[in-house]
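Hi everyone, thanks for coming. Please have the viewer open while I talk.

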2 protein chains.
Amino acid sequence: MPEQYKDVLPNGLTVLGERLEGVRSLALGFIVGAGSSYDPDDKSGLAHFTETMLLEGTTNRTSRQISDSLDSLGVSYGTSLDAETIGLSGVMVSSRLEPALEIFADILQNPSFPEDEMEQTRSSILQELRREEDEPMVKVRDLLRRVYYEGHPYSKRPTGEPDVISSLSSADLREYHASYFNPANTVCAAAGDLDWDLFRSLVEKFLGGWKPGTKAPEIGPPHPRPQLYVENQQTQQEHIAGAAPSVPFGHDDYYAAIIAAEILGGGMSSRLFVEVREKRGLVYSVGASYSPGRYQGSWRIYAGTTPERASQTYSVLMEELHKLDSEGVSEEEFRRFQALTRSHVLMAGESTSARLRSLLTSWWYEGRIKPLSYIRERIDAVTVDQVNKVVREWPLSSNLVLCALGPSTKESLVGENVSKV
Amino acid sequence: MPEQYKDVLPNGLTVLGERLEGVRSLALGFIVGAGSSYDPDDKSGLAHFTETMLLEGTTNRTSRQISDSLDSLGVSYGTSLDAETIGLSGVMVSSRLEPALEIFADILQNPSFPEDEMEQTRSSILQELRREEDEPMVKVRDLLRRVYYEGHPYSKRPTGEPDVISSLSSADLREYHASYFNPANTVCAAAGDLDWDLFRSLVEKFLGGWKPGTKAPEIGPPHPRPQLYVENQQTQQEHIAGAAPSVPFGHDDYYAAIIAAEILGGGMSSRLFVEVREKRGLVYSVGASYSPGRYQGSWRIYAGTTPERASQTYSVLMEELHKLDSEGVSEEEFRRFQALTRSHVLMAGESTSARLRSLLTSWWYEGRIKPLSYIRERIDAVTVDQVNKVVREWPLSSNLVLCALGPSTKESLVGENVSKV
């Protein structure tokens, strides 16, 4: 059984650890409460620009020294961004922990946002924005985010807007960093071949002197408004993405929600796969998942189809959502997907990066850490009645926000099904 | 240290195994010598159609029974296709080996290609082809394959051509299956929490009665012709992909080639990343890799840039390739990327799926299996002189096939650099 550890430094930094047996690698990571939701309205993309510039130099190291050192240490590393957090993480052979942690600590505490690197990064981000335009699957997710979270900070485009990216200065980034990067607003974790006492003392050594600060304010819950939103674009496929509210992180029905989403569109024997792809050949890809969130989670669905089949795909999708809401799931389906979920969890438990993500997100969103044994017990304890309760309490069809991107119009998509929306 | 095993059944089926300590999962897989290169000229897409239909029913199981059973067993599974092989694999908790192997064995030996499933699969493949049209990064790789392997079976589009897909019958698939699916043309392997004696006996039980056959004929080496090929398309980005011949699988300089490609475009301190992205901000993504092959491997490069910067990107790319060919690499660079490569190998060694892939491909292309300890020793034994030898013997710039897809024309891309092509 893996062992888990937790401590808080005097300056407020939370430190988490998990030891996995039989591995030689170690995943090390940080999350800071500073995602795209905190971007000021006139500075969309500030969090992303800051995130990208973290690797571009500190008061002690140039950009080149950072990448040379981490590559030499054999660390596979990167930064990440979502609505609530900026992340920095890497996987390495466990013996490299000390030098890697020293560099990560420097990156978090002392980024210098040098002017020359600003220009290259700006150019690279502007290209990233252009590339997103070439990828309809990215665009439809982006569209869904905007529509689903309309009027809420979660709706902000993480990569930002081109005109804003063009105008941000290193002073903006420095101010942003000063506001959000502090130990009270950061969690540090390691999972894998971990010596906890050593890790704890190294974190103290490299981050113990980090000046205290305060946690970022809570963002507050979103209030999605059910609707169908169609955006016209000349692509080869009609890309359909939808979401509806579900249970939040840490809810009693959390694992029931995961199993419910698997039944709807997880495996190759899931309802959407069978009804939309297998029986009717309407799509190349279709699926559903449960995505947890702080205030509420969401059910997610996706389908990619040809324009000629878009209307029928839409109709079958809606039918399946109605059916799930009104009839629930069978005992046999439940058993099948409970087993599949159990197996996924066990397999993810063998990956140090997956365990790191689990540690960080459990702590961040639920305020606790969950050993694998606990997760397994909770999955085993779910019943078919609980799954039926969760789909009844969080119905998909009546709360659905559905977006479509492609050649279809709202009329051609909905056809005779207008009454169902 | 993991232990490796090998045996051949009386009917010619090769069975491989590797035991990894500290895991509870097991990855199980097969490859059959029947990739897209074996498609008859007038039946492009036959291998892919056959691969997709494998999961759609056997003489003992319906499509639905296959997916229900495998999902119930918690197996994450799928099929795959490349130029030379069709694959079937899955990861599971090791205690599920017997029932999973029984189903996989049935899929390989007794697919029934039922008529009704044919139509749904045909429709789904036609949609897959349409979706590829929406993804310029997929399209530029496809373009490079066609141009690089022009006139050779490797040039065939794996997903096939729409008019062919529309006309293939279940009789075509049955004939294809009868020609290529036999024990002499198949390798079976398992990696992870493995009991070799049990596995060996289960393979005998479920596949020992498979009727013997013959290995598929060798395809023969490709002969790429250096060139620049530009295809015009109204995308937001110019997508550039290139390839040049390198050492084959199993060559003495195999690990030197991997390190050379990492130096050119692997990590964030690699030459292309630093020169093209970091210093000049010309792209959002750029990279290089070494891709092994039976007769020869290839160096691969990729860059995505805006049309305005395409010409400069092209120019810097060519400059870096020339520089690598003519000046080689430094001792410092070599040490850095040798360490990074060593670390990647160690981390991949903790994943049962990664070890399964390694077992299958080593056997298929080199005729041997390589323990992790051997791979580590070989990486440690590489010298900077060997890396310089491999880039001298397999120069990138003079043998390069480069394809560009986007708004640029050949003239606008090459600009004043025509003499360099």
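First, some housekeeping. This is a predicted model, where local features need pLDDT of at least 70 and side-chain atom pairs count only at pLDDT 80 or more, while totals for chains, interfaces and linings use all residues. Residues are numbered from 1 along each chain as its sequence is written, chains are lettered from A and ligands numbered from 1 in the order in which they are written, and side-chain values use heavy atoms, with hydrogens and water left out.

Now, charges. Side chains of opposite charge can pair when their charged atoms come close. A salt bridge here is a side-chain nitrogen of Lys or Arg within 4 Å of a carboxyl oxygen of Asp or Glu. How many salt bridges does the whole structure have over all chains? The search finds 60.

Let's look at A:D142, which pairs with A:R145, their closest N and O atoms being 2.3 Å apart. Both sit in helix α5 of chain A, three residues apart, about one turn of the helix. (Helices are DSSP runs of H or I with at least four residues, numbered from the N terminus.)

A:D142 is at 18%, so it is buried, and A:R145 is buried because its value is 14%.

For contrast, turn to B:R19 and B:E21, whose closest N and O atoms are 3.3 Å apart in a salt bridge. B:R19 has 22% relative accessibility, so it counts as partly exposed, and B:E21 is partly exposed at 48%. There is also a network of salt bridges linking A:R64, A:D68, B:E332 and B:R336.

B:R277 is buried yet has no salt bridge, and the nearest side chain of opposite charge, B:E278, is 5.1 Å away. (Lys and Arg count as positive, Asp and Glu as negative; His and the chain ends are not counted.) Beyond four places in sequence, its contacts (heavy atoms within 4.5 Å) include A:T52, A:Q120 and B:Y284.

Last, the helix pair. In chain B, the axes of α3 and α8 come within 9 Å and cross at roughly 35°. (Axes are lines fitted to C-alpha atoms over the stretch in contact, with angles from 0 to 180 degrees between N-to-C directions.) Residues in this contact include B:L101 of α3(B) and B:F199 of α8(B).

Technical notes
Helices (H or I, at least four residues) and strands (E, at least two) are DSSP runs, numbered from the N terminus. Buried means under 20% relative accessible area, exposed over 50%, partly exposed in between (1.4 Å probe, protein chains only).
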